[in-house]
Amino acid sequence: MLGCIAAHAAASALDAAHPTLVVASAAVLPQSGAAKSEAARIVTDETGRRVVIPAEVKRVVTLAPNLTETIYALGLEERLAGDTDYCDTPPAAKLKPHVGGAQNPSLEAIVALHPDLVLATTSINRIETVDGLAKVGVAVYTTDPQTVRGMLESTARIAELMGAEAQGAALVAKLQARLDGLAARLADVPQVHALFVVWEDPLITIGQNTFIADALRWAGAESVILSQQKWPRVSFEEVVRLQPDYIVFASNHTGFGAEELGALRSREAWKQLRAVELGHIAVISEEINRPSPGLVDAIEQLAREVHPEAFLKKENGKVKMENGSPVRVGAIEEFDTRAGLRPAPTAKFDDAYLGAAL
């Protein structure tokens with residue numbers, strides 16, 4: 001059910017076992033012959049590393065699904081020489097030559113594609129990959145989006161690197177307008193507390209300083225768990241105590257039918273949650289896991305799931321359903337009475353309590 005597992009597990013492994021790309025040296029690295037020519041420029045990537053790239057980028061290789069998606073969103077797919085085995089959005093990306101996985105791509109395969117530029121990201125790629133490519137003269141620009149707006153800024157920078165400033169400005173403006181419209185619609189709507197499930201067993205969720213947590217805030221939701229870890233592990237007892245308003249899953253197929261809800265309710269632990277009893281389960285697009293233009297689609301989808309009243313059309317000047325309606329409140333109170341529970345505030349845990357992230 002969880003479309004985000006691969007990316008998050010890889011990111012977690014990077015956090016635990018490798019230095020982040022932000023720590024990478026800022027020295028000018030040796031680059032390809034094309035980059036060394038007079039028609040070249042020096043840029044600083046989002047980790048502070050200085051990179052020499054050709055003045056004109058005609059061939060690019062992307063090392064993460066979000067970067068591949070960004071190239072397509074900018075309309076630059078004809079310049080995409082290759083991507084990873086897991087780049088599947090849009091479907092046409094699967095037809096491009098692949099260079100392996102994001103964590104362990106083949107340097108030989110990348111070099112064989114003769115890229116003018118390779119795009120990497122701190123969220124999943126390893127510093128060893130960046131350093132290895134630099135040693136053989138391949139220019140690598142690394143992105144580091146930590147928020148939704150950070151994703152927009154990365155998109156604009158990629159467009160600039162590709163000599164497509166106009167396309168980048170138009171795309172970013174369109175996405176920002178959608179976010180601004182959503183913010184206006186949700187301005188007077190109280191945030192709901194949500195548990196975003198990265199992994200079920202053990203139960204892993206998101207930390208407050210991830211772009212996913214920021215995406216939830218744009219959708220009018222707040223993670224019920226506050227942690228400085230990116231992917232904290234939390235006990236189910238604490239989730240029961242907190243009683244989140246919604247449980248959020250990411251999947252490559254959306255919708256949550258009666259069969260899936262019944263299966264969740266049949267599990268002894270999950271049926272203790274008010275959100276499960278009330279059917280407050282949001283299964284949204286796995287785009288929520290990617291800091292790319294499709295993230296805005298997922299944010300809008302989640303907002304509709306957790307704040308349906310904000311999207312209802314008015315009839316005769318009145319909205320049929322309002323947040324906190326008697327029916328909804330009554331159902332919550334009835335569940336709490338039966339379960340012997342009371343609503344709990346958002347909890348803040350430290351790393352020692354939560355345990356190490358994967």
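**Reading the cores and a helix pair**

Author: Welcome! In this predicted model, the largest nonpolar core has 64 residues, and Leu117, Leu119, Phe196, Ile288 and Ile299 touch the most other members.

Reader: Now the helix pair. At what angle do the axes of helix 6 and helix 7 cross?

Author: Angles over 145 degrees count as roughly antiparallel. Here the axes of helix 6 (residues 148-161) and helix 7 (residues 165-185) cross at roughly 165° and come within 7 Å. Helix 6 is therefore roughly antiparallel to helix 7. Their crossing is right-handed.

Reader: Which residues meet there?

Author: From helix 6 come Val148, Arg149, Leu152, Thr155, Ala156, Ala159 and Glu160; from helix 7 come Glu165, Gly168, Leu171, Val172, Leu175, Gln176 and Leu179. By type, this contact has 8 nonpolar, 3 polar and 3 charged residues.

Reader: And which residues of helix 5 are buried?

Author: Buried means under 20% relative accessible area. In helix 5 (residues 127-135), that applies to Ile127, Thr129, Val130, Gly132, Leu133 and Ala134. Their cover includes helix 4 (107-112), strand 5 (117-121) and strand 6 (140-143). Just after helix 5, look for Gly137, with a positive phi of about 85°.

Notes
Residues are numbered from 1 along each chain as its sequence is written. This is a predicted model: local features need pLDDT of at least 70, side-chain atom pairs count only at pLDDT 80 or more; totals for chains, interfaces and linings use all residues. Side-chain values use heavy atoms; hydrogens and water are left out. Axes are lines fitted to C-alpha atoms, for helices over the stretch in contact, and angles run from 0 to 180 degrees between N-to-C directions. Helices (H or I, at least four residues) and strands (E, at least two) are DSSP runs, numbered from the N terminus. Angles under 35 degrees count as roughly parallel, over 145 as roughly antiparallel, 65 to 115 as roughly perpendicular and the rest as oblique. A crossing is left-handed if the near helix is turned anticlockwise from the far one by less than a right angle, and right-handed if clockwise. Contact means heavy atoms within 4.5 Å. Ala, Val, Leu, Ile, Met, Phe, Trp, Tyr, Cys and Pro count as nonpolar, Asp, Glu, Lys and Arg as charged, and the others, Gly among them, as polar. Buried means under 20% relative accessible area, exposed over 50%, partly exposed in between (1.4 Å probe, protein chains only). A nonpolar core is a set of buried Ala, Val, Leu, Ile, Met, Phe, Trp, Tyr and Cys residues joined through side-chain atoms within 4.5 Å.
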